[in-house]
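Hi,

Here is the structure I promised to pass on.

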Amino acid sequence: MSLKKISKEQPDSFEFSSENLLGLKKIIGNYPKGKQQSAVMALLYLAQRQNDNWIPLVAMKYIANLLEMPYIKVYEVATFYSMYNLSPVGKYFIQICTTTPCMIRGAYKLVEVCKEKISAREKQLSNDKSCSWMEVECLGACANGPVMQINDDYFEDLDKTKAIKIVNQILKGEKPKPGSYRGRINSEPENNRKTLMENKNA
Ligand code: FES
């Protein structure tokens, strides 16, 4: 499976949920009248979230109609950016950062866990089709490496044991707790702050 390869199996229809319809009105309202096409990336992202992390062709057509723009333009955006998946990736989509700071903190141990528990190769669905994984470049949380992103949540300060626990929870359909797995708040030092103590909001 390549996530950028258009899936051969496509659903017949797509519509935004009532909750997303409300959200998209707000998004489109952020742009001047006549410039609603600028909302295309945000709407593709909404469609992806609603459809278990991938965008079917029918959703691109639906968005093109909604924004009154040619379908090919929506298709071009969806096929250009790596953040959009065009084949099923499962309800849980795991992205492991293997860029240098995470790599030297043990990111490949997390990759091992995914190979053992989910699928032998990246971008392949698990046996039960509930999840898949892939290596990615920096996720922007380098101070908390190694990091993995599952759908919209970050899981930080991981090691092999912690990653196994998280993946096991996902495979059981449970929702693991996001954030630091060494008890840090955001990227503060372990055992609390050590500088700028006089500044309450630092
Ligand atoms: S290097 Fe992994 S989050 Fe930046």
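Predicted model: local features only at pLDDT ≥ 70, side-chain atom pairs only at ≥ 80, totals over all residues.

Residues are numbered from 1 along each chain as its sequence is written, and side-chain values use heavy atoms, with hydrogens and water left out.

The sheet

Helices (H or I, at least four residues) and strands (E, at least two) are DSSP runs, numbered from the N terminus. Two strands pair if DSSP finds at least two bridges between them. On that basis, five strands make an open, mixed sheet, ordered β2-β1-β3-β4-β5. The edges belong to β2 and β5 (179-180), each with a single partner strand, so one side of each has no neighbour in the sheet.

At one end, β1 (residues 92-97) pairs with β2 in the parallel sense over six bridges, and I94 sits opposite W133 of β2. At the other, β4 (residues 153-156) and β5 run parallel and are joined by two bridges, with F155 opposite G179 in β5.

Two helices pack on this sheet. Helix α6 (residues 107-117) touches β1, β2 and β3 (148-150), and its direction makes about 150 degrees with that of β1. Helix α7 (residues 160-171) touches β1, β2, β3 and β4, and makes about 10 degrees with the direction of β3. Contact here means heavy atoms within 4.5 Å. Axes are lines fitted to C-alpha atoms, for helices over the stretch in contact, with angles running from 0 to 180 degrees between N-to-C directions.

As for burial, strand β2 (residues 131-136) is mostly covered: five of its six residues are buried. The cut-offs are under 20% relative accessible area for buried, over 50% for exposed, and partly exposed in between (1.4 Å probe, protein chains only).

A helix pair

The axes of α2 (residues 40-50) and α3 (residues 57-66) come within 10 Å and cross at roughly 140 degrees. That makes α2 oblique to α3 (under 35 degrees is roughly parallel, over 145 roughly antiparallel, 65 to 115 roughly perpendicular, and the rest oblique). The residues in contact are V40, L43, L44 and A47 on α2, and A59, M60, I63 and L66 on α3.

Cysteines

How many disulfides are there? The count is zero, taking a disulfide as a pair of cysteine sulfur atoms within 2.5 Å. C97 is buried at 2% relative accessible area, and C102 is buried at 3%.

Most residues other than glycine have a negative phi, and most peptide bonds are trans. Here are some spots to look at with that in mind.

- G145 and P146 are joined by a cis peptide bond, with omega about -5 degrees; P146 is in the loop between β2 and β3.
- K123, in the loop between α6 and β2, has a positive phi near 65 degrees and is partly exposed, with a relative accessible area of 28%.
- N151, in the loop between β3 and β4, has a positive phi near 50 degrees and counts as partly exposed at 24% relative accessibility.

Cheers
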